[in-house]
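This report describes selected local features of one protein model, beginning with a sheet and ending with individual residues. Please keep the sequence and the structure in view while reading.

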Amino acid sequence: MAELNEQHLTDIGQRLDSAISGQVMLDSASRGRYATDASVYQMMPIGVVVPDSIDDIVATMQIAREEGVPVLPRGGGTSQCGQTVNRAIVIDLSKHINKLLEVDAEAKTAVVEPGLVLDHLNDRLKADGLWYPVDVSTSSRATIGGMTANNSCGSRSIRYGMSRDNVLAIDAILADGARARFGDVASDLRGVNETGAVQELYRDLLALGEREADEIRHRFPQVLRRVGGYNVDALLPNAAGNNLAHLLVGSEGTLAFSEKITLKLSPILHNKVLGVCHFPTFYEAMDAAQHLVKLDPTAVELVDRNMIELGRGIAMFRPIVDSFVRGEPAALLIVEFAEDDQSENLRRLASLHGVMADLGFRWGDPGKKEGGVVEAIDPTFQKQIIEVRKQGLNIMMSMKSDGKPVSFVEDCAVQLEDLAEYTDRLTGIFKKHGTDGTWYAHASVGTLHVRPVLNLKLDTDRKALRAIAEEAFDLVKSYRGSHSGEHGDGIVRSEFHSKMFGQRMVENFTWVKDRMDPEGLFNPGKIVRSPRMDDQRVMRYGPDYAVTEIKTVFDWPGYSGAGRGFQGAVEMCNNNGACRKLKDGAMCPSYRVTRDERDLTRGRANTLRLAISGQLGPDAYTSDEVSQALSLCVSCKACRRECPTGVDMAKMKIEVLAARAAKNGISLRDRMVAYLPHYAPLAARVPWLPNLRDGLPGAAWLTQAALGLAASRSLPKWSREPYRFSSIGITPESADVLLFADTFNRYFEPENLRAAETVLRRTGLAVAPAASSKTARPLCCGRTFLAAGLAEQAKAEMLRTVAAIRPALERGAFVVGLEPSCVLTFRDEAPVLLGNEWSAELGERVLLLEEFIALKQEAGEISLAFRPIKASKALLHGHCHQKAFNAVTPIEKTLQLVPRLDVELIESSCCGMAGAFGYQAETLEVSKAMAELSLLPRIRQADGDTIIIADGTSCRHQITDGAKREAVHVSRVLLEATDAF
């Protein structure tokens, strides 16, 4: 396709805007967010359409046909081979084209739209005791349409097969706009109720199968996993008839648009056990797989040494990995048994120990090698292990080095008896080219995901990419294996079809494409007529990719590139889309509300990468387009913990805010918020004056007009009695603990600090205030300045505080505070902002009240006496920063000390207030919507006697505004629970 000029692009956009009710995006930033997937490729689309309906898609296809441009239907955008990038009109199906249209529980079938996410489908099916068993690791964001187009498989394919085995029919829209149902047909097409042209298409397809039957049977490898090329074996002569839907399965959106997909469902697995088999060498693990599958497991999944070590390096996975990994194995095989009868599962698990012993592995046996089985019978433990395995790709991609594990030979499949020798020889190929691979995934079916570590910015490594691919596929062919066993062809493998299938078969694939899509409307250049896999012009790091030096706020240790490593941190996003999940954890609250790619950690990271590399034009880094992409980021830091590759968007937003503040200055509203710690002592002298804003008629509307503060949102009420430390003669030099009083609790809710001070005194420890000996103004963490991009002012505040508290910390004392966003600043931003003036080690001694209580109580260094409180039930909402730093568990531990108090942790994302975010007129509705996802509905369900606990000032405000319930800081609960009997 020739390059479009600006006028043609404008004309297409105008036609689309007039024809559809959905969203049309032609700006560079929006297109750039759809230019990549989870592969190494990047192709800038012509435009992006987010349709509201199937009618929008039909209209888009018609305009594309008439304008001579292709279309690319897209789901979660997580493909690893470049299937979902193209110079086309991208049609994002995930936002609206995602309905479950029909369920027949008796027949065990469902009809779905292509944008429906697998996890969402299975959640809906639970009530009927059913699920769609193609359980891919990306189930939280993989759409059924994308899985069908890819012929996805999943970890349990040894039991359930691939997508092809679970798709019964597809209602499709053809390239000319005609509709056709692809499903079971008789060989003579009797009973087919289609138009003459569609019947003629069916007849031609079946004729191809008959004509090329011998060639297809000869060329297609007989392994459990083969997804390469078109499934023309579905066209082979068959007395029972043919299912033509299987031709569309795995076609990567190149033949037709799947309007409706009819699925075969299976009964839910009610009982499971896992056996984690440990091996001292990788080769022995691979050799054992063929023996373990004789026990008829539902899955056998590989985890190699690299993945174990990388998993231990990720905070959220470290305790889980340590719980199921014994010693230092070279490889693990996670074996699952999931029969209806749990006693049968336990019997097979016992047999697994025996098989391992027969293979020569048993701990503590001097006659055998180190190894054995760690059992996982508890469902929670199983879920944790499976989640680590499901995150295998992202764990592998968490390497901070310039070299990353690259997906291009990761999907080859061989027979199980060849697996050990094949993997050993493939490792030799990697070593020959100066690299190594990381291994994980589906040992049960001979498909292992292996990724050589390469830096594709380097010409030498791109040459290695080509050489390794050539040699690896030759090796696979020698075993009569499949070069494409799960993730499809896309750009990375399509060019090798001739090598693997022969030229005649490639001609058959081309015939199918041309017969069904003669004008190349659907996703051209995939499966047939593809670019070379190492063509740098279609790679994410293209020939002209470069990032100029950037002045940054933070040091970005461990990363490389411009901005003291900022470039490398931005480039860590591999587009796998874990941030698109809509449940579990907190990431990403803005996306959970808007469902827009722009408001997603991945979308923001892509926007930043394109901006700093000049692909969005000059000065894009400080542009409005980048600012808009970050505008709904609430800096919750969930991505810091939950993104397996560690993309820390909260810090990245501070970098952009600082650059924009330096260039443009900041608004009056931002200045008022930023300087709150400076003027708070003065405002506290006349609290009635700022409180008039919510008491004087019309005042709130004036602040909205003048400052953009939402009139319908009340502001924090200034206290008439700000917090002052009770002077009892203990100095900071002699104290065991310093109480850090943040601005918000000091001036708005001083009762929390008074409660905390009392509780700390009841521990018997010496308590003193964290205060400056040089100035009267209270100490500050600098958080409000960071939120406005005023980095130097934030640094000054931090340094003033550090000077006051560092001596106490260095002699072994602790600093305790109440507000999570303030306290955790000393662990997060301070170490990478203050240089030698501060360290992560010192930051670990700045604790939240409940962290301190839990730590000291567990160590036996304090002995607080707890009694029951008035409430017997508590709902606990964790602040986002507490979740990001695994600091919710200490609250739970501390509250467990309170007798007869039943504590329920609310499963919630961000409350939506997020500092000033919830007070801004332009973000008010999004703020409320975040709270309504799960937090406020759960609180409204609670009876009046239930106590609501939330450590965050903003969280408490949101709860009060949205649920009309008082929420209290944990300090007040502890005050009541430790009061004298």
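Which residue is the bridge partner of Cys-277 in β17? In β17, Val-373 is the bridge partner of Cys-277.

## Basis of the description

The model is predicted, so that local features need pLDDT of at least 70 and side-chain atom pairs count only at pLDDT 80 or more, whereas totals for chains, interfaces and linings use all residues. Residues are numbered from 1 along each chain as its sequence is written, and side-chain values use heavy atoms, with hydrogens and water left out.

## The sheet around β14

Helices (H or I, at least four residues) and strands (E, at least two) are DSSP runs, numbered from the N terminus. Two strands are said to pair if DSSP finds at least two bridges between them. On this basis, seven strands form an open sheet in the order β17-β14-β16-β15-β19-β20-β18, with antiparallel pairing. Strands β17 and β18 (404–405) stand at the edges with a single partner strand each, so one side of each is left without a neighbour in the sheet.

Strand β14 comprises residues 273–279. Its pairing with β16 (residues 331–337) is antiparallel and extends over seven bridges; within it, Cys-277 stands opposite Leu-333. On the β17 side (residues 372–376), five bridges join the two strands, again in the antiparallel sense.

## Burial of β14

In this report, buried means under 20% relative accessible area, exposed means over 50%, and partly exposed lies in between (1.4 Å probe, protein chains only). By this criterion, seven of the seven residues of β14 are buried. Both faces of the strand are covered: Val-273, Gly-275, Cys-277 and Phe-279 are buried on one side, and Leu-274, Val-276 and His-278 on the other.

Val-303 stands opposite Tyr-440 of β19.

Helix α11 (residues 305–312) lies across β15, β16 and β19, and runs at about 70° to β15. Axes are lines fitted to C-alpha atoms, for helices over the stretch in contact, and angles run from 0 to 180 degrees between N-to-C directions. Contact means heavy atoms within 4.5 Å.

## A nonpolar surface patch

Val-686, Trp-688, Leu-689, Leu-692 and Leu-696 form a nonpolar patch on the surface, with about 450 Å² of accessible area together. Patches are made of residues with over 30% relative accessible area and no salt bridge; like charges are joined within 9 Å, and nonpolar side chains (Val, Leu, Ile, Met, Phe, Trp, Tyr) within 5 Å. A salt bridge is a side-chain nitrogen of Lys or Arg within 4 Å of a carboxyl oxygen of Asp or Glu. Accessible areas come from the Shrake-Rupley method with a 1.4 Å probe; for residues, only the protein chains shown count as cover.

Trp-688 belongs to helix α28 (residues 688–691). This tryptophan is partly exposed, at a relative accessible area of 49%.

## Helix α42 and backbone geometry

Helix α42 (residues 953–963) is mostly covered, with eight of its eleven residues buried. These are Thr-953, Ser-954, Cys-955, Arg-956, His-957, Gln-958, Ile-959 and Ala-963. Just after α42, Lys-964 takes a positive phi of about 55°, although this residue is not a glycine. Lys-964 lies in the loop between α42 and β28 (967–968) and counts as exposed, at 67% relative accessibility.

Arg-900 also has a positive phi, near 60°. Its place is the loop between α39 (889–895) and β26 (902–905), where Arg-900 is exposed at a relative accessible area of 68%.

## The loop between α20 and α21

The peptide bond from Met-587 to Cys-588 is cis, with omega near -5°. Cys-588 lies in the loop between α20 (566–570) and α21 (589–594), and Gly-585 is found in the loop between α20 and α21 as well.

Gly-585 is partly exposed, with a relative accessible area of 35%. Leaving aside neighbours within four places in sequence, Gly-585 is in contact with Arg-592, Glu-642, Ser-908 and Ser-909.
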